[in-house]
Amino acid sequence: MNGWMGTILRIELTSGVISKEVLDPELARDYVGGRGLAVKILLDELKMQCDPLGPENMLIFINGPLTVTGALCTGRYAVVTKSPLTGTVCSSNSGGYFPAAFKTAGYDAIIFSGKAEKPVYLWIDDDHVELRDASNIWGGDTRATYDIIRKETHKEARVACIGPAGENLVRYAAIINDASRAAARSGVGAVMGSKNLKAVAVRGTKGVKVADPEELLRSTIIADHVKKADLGIAFGEFGTPLFVDIMNANNIMPTKNFQEGFFEEGDEINGAEIIDRTLVRSKACYGCALNCGRNTRLPKDAKYQGRGDGPEYETCFSLGSNICVGDLEALTKMNYLCNEMGMDTMDAGTTLGTLMELYEKGLVKDEDMGFPLPWGDADNAIKLLTMIARNEGFGREAAMGGKYLADKYGAPEVFMGSKGQGFAGYHPRAMVGQGLLYATSPEGGNHTTGNTIQPEINGIPGPMDPLTSEGKAEMVISRQDETAFIEACGVCVFPYMLMEEGTEIIAEFYSAVVGVEHTEDDVRKIGERIFNLERLFNHGLGFTRQDDTLPERMTREPHTDGIGEGNVVPLEEMLDRYYKLRGWSGEGVPTDEKLKELGIL
Amino acid sequence: MVMRIAFTEELCTNCHLCSMFCSLAFTKDGIFEFRPSIARIRVVENGDDTKYVAHVCLQCESPACADVCPVEALAKDPETGLVMIDEDECTGCEMCIEACEFDCLFMVDGKAVKCEVCDDPLCVRACAVNALELTEWDEESVLEQGELYKEVRL
């Protein structure tokens with residue numbers, strides 16, 4: 001097959017049985033790969049009511065047909081499972097070098113089921129696949145695990161693993177690959193930990209066949225074009241922390257647990273500051289021309305020490321402005337700690353934000369935690385992050401996430417998220433389409449299922465008022481569908497979302513790789529099919545309109561800053577139109593008619 | 001004049017696009033595939049992720065690889081000055097791999113392979129940060145690149 005490797009690997013951890021099966025070409029055609037194909041597999045096979053942290057849950061590692069093909073930014077994979085944080089289906093994706101190794105070893109997906117009796121890791125050397133004892137590395141942080149496994153297997157091995165947070169079932173534990181990249185969200189690391197699976201190490205030497213290499217050579221020209229666009233230049237130079245300036249300038253930088261939209265110390269934690277103080281060098285994921293990654297190191301004379309990657313923008317928000325930490329070194333330290341412990345920086349930050357507000361209100365006290373936790377207290381935040389990952393003291397409670405804490409301590413309104421997952425770093429009160437996106441995303445407060453920055457803030461393709469509901473349902477639907485397709489291809493959303501003609505370009509690349517002509521409309525249709533499939537999955541678990549919510553802070557408390565001052569998110573109004581345009585019932589359920597149209601029924 | 005692929009370490013981002021596109025030039029039998037493991041250029045990281053180094057043949061003036069080859073499969077082309085490998089002659093003994101102190105030959109499917117400088121090198125075209133360049137051979141830059149290769153081994 002062009003694009004796909006044609007083989008799915010199955011690892012039944014309870015019995016230790018390893019098997020390989022042929023990828024069904026029809027499923028590949030209809031659901032592509034990544035979250036699309038994986039959700040289809042889950043819908044067909046998973047006992048939906050299962051405990052996400054029980055042996056019945058399935059954990060799928062999956063790349064896409066464009067991974068390692070020379071199209072733009074093709075170094076990604078996704079982890080798809082039933083989330084222990086949200087209870088929904090979830091997809092968490094990551095770049096780095098592991099995804100390319102995983103694909104070139106010859107597999108489109110690895111499906112884990114069951115639970116190993118004792119800690120194991122999976123070693124894949126092309127066709128050779130074996131489960132190995134991981135007792136000696138259980139408990140280790142992600143960098144140590146990476147180093148040890150590379151020594152035990154092959155110097156070219158690429159490793160994805162969990163840290164103590166995943167082992168201890170922290171509800172927002174991540175899977176860290178290449179010691180610094182994260183499939184971070186929705187607690188995929190906890191699912192891996194619940195299966196006693198410490199790591200997956202891979203070495204791949206096979207090739208990915210493509211139908212039309214000439215067309216793919218054009219990607220180098222397009223990459224040049226992306227890099228020369230204003231945003232592209234700034235992106236290459238400053239990485240994602242460039243967004244700190246954009247969000248602050250537009251008063252959508254979530255600050256103090258989303259109470260505000262402007263962070264006064266933004267200049268202390270932005271891309272320029274990273275270049276000045278911590279940057280070692282820029283780096284790219286495998287097969288990516290954009291190099292937005294940041295290899296950093298804390299200065300020798302700094303209060304905190306360490307090395308690693310980041311922070312990325314989302315962390316500048318979550319563990320920076322969101323908890324009022326304007327000290328780049330402290331923020332960077334927290335980022336390293338989350339990576340080493342194997343924890344999502346975003347939900348770690350929104351959990352701390354919830355907790356700091358509960359503390360401010362006097363609902364959580366010093367004696368509950370063993371220490372105070374006022375806004376901006378980086379030292380105690382660092383202490384708490386370690387306690388969360390290590391399952392110590394109050395860390396056990398904080399490990400359950402912000403929603404749990406807000407409910408338990410009697411102020412459910414202070415959790416800033418949707419479906420139990422914390423929001424990303426875009427304040428919806430002054431870009432209300434983003435609010436609709438958070439409310440309707442399959443896994444709640446998520447920034448990768450179709451960010452609305454380009455249309456709402458940067459005015460691409462045309463001017464759009466970020467404060468009103470006008471055109472938002474249409475825009476969010478198209479962003480969600482396009483993104484679903486892009487992610488299913490196993491590529492990074494960035495270049496395609498940066499370019500006005502991104503959907504056209506991904507359709508061309510997809511056609512060139514698989515050898516079947518696809519138009520923009522064709523790929524949007526596939527995206528819509530995937531998005532509806534996820535909705536169908538969640539509906540099967542009882543999720544409806546009553547779960548497509550935002551906290552009252554978004555819908556009732558007026559925005560405090562900038563042109564959006566006084567604004568709130570008109571969610572219900574947008575939802576009505578959104579469901580109608582989606583072809584769903586007023587309760588947000590896909591109709592049979594829609595499902596038939598999409599070929600799902 | 002002798003041409004070679006020059007590499008500037010400071011610009012490299014470790015994206016591996018060079019080896020991906022290089023491999024495309026060497027796929028066979030009308031099948032096009034991206035298979036970095038057959039590439040004639042390989043990127044490696046140093047231990048602490050502070051250097052990324054693309055190993056690609058320096059086209060040495062007196063190539064050690066050719067000197068040790070027991071079947072004379074490796075030789076300098078008198079016209080282009082490039083070190084060329086005769087795939088049919090190569091027995092896969094790996095002596096050239098051992099002899100190259102710059103780690104610029106690689107084993108692929110039982111045979112040694114190396115960069116023989118394509119006319120319009122895809123690695124150079126694919127490099128988005130201009131870390132690779134098709135340039136004229138000169139001793140100073142070759143020595144410098146060679147030192148880097150000895151420091152960050154394959």
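Predicted model: local features only at pLDDT ≥ 70, side-chain atom pairs only at ≥ 80, totals over all residues.
Q: What makes A:L169 buried, partly exposed or exposed?
A: Around A:L169 there are 19 other C-beta atoms within 10 Å. Burial requires 20 or more and exposure 12 or fewer, so A:L169 falls in between and is called partly exposed. A:L169 is found in the loop between α5 (164-167) and β10 of chain A, and here too phi is positive, near 60 degrees, in a residue other than glycine.

Q: How do you know that β10 of chain A pairs with β11(A), and which way do they run?
A: Pairing requires at least two bridges between the strands, and three bridges join β10 (residues 175-177) of chain A to β11(A), so the two strands pair, and they run antiparallel. Within this pair, A:I175 stands opposite A:A183 in β11(A).

Q: What makes β8 and β11 of chain A the edge strands of their sheet?
A: The sheet is open, with six strands in the order β8-β7-β12-β9-β10-β11 (chain A) and mixed pairing. β8 (128-133) and β11 (181-183) of chain A each pair on one side only, and they are the edge strands. Neighbouring strands of this sheet are turned by 20 degrees against each other on average, direction ignored. Helix α4 (residues 142-152) of chain A packs on the sheet, where α4 touches β7 (120-125), β9 (158-161), β10 and β12 (197-203) of chain A, and its direction makes about 140 degrees with that of β9(A).

Q: How do you know that a strand of chain A pairs with β2(B)?
A: Two bridges join strand β13 (residues 208-209) of chain A to β2(B), and since at least two are needed, the strands pair; they run antiparallel. The bridge partner of A:V208 in β2(B) is B:F34.

Q: Which elements of chain B supply the side that touches chain A, and how is that side divided by class?
A: In the contact between the chains, 22 residues of chain B meet 26 residues of chain A. At least two residues of the side of chain B that touches chain A come from each of α1 (17-25), β2 (33-34) and α4 (122-126) of chain B, and the largest share, five residues, comes from α1(B). By class, this side of chain B has eleven nonpolar, seven polar and four charged residues.

Q: Which residues touch the most other members of the largest nonpolar core?
A: That core has 245 residues, and those touching the most other members are A:I60, B:C18 and B:C123. Leaving aside neighbours within four places in sequence, the contacts of B:C18 include B:I41, B:V43, B:A54 and B:C123. In soluble globular proteins, nonpolar side chains tend to be buried together.

Methods: Residues numbered from 1 in each chain as written. Chains lettered and ligands numbered in written order. Contact = placed C-beta atoms within 7 Å. Helix = DSSP H or I, 4+ residues; strand = E, 2+ residues; numbered from the N terminus. Nonpolar A, V, L, I, M, F, W, Y, C, P; charged D, E, K, R; others polar. Axes fitted to C-alpha atoms, helices over the stretch in contact; angles between N-to-C directions. Core = buried A, V, L, I, M, F, W, Y, C linked by C-beta atoms within 7 Å.
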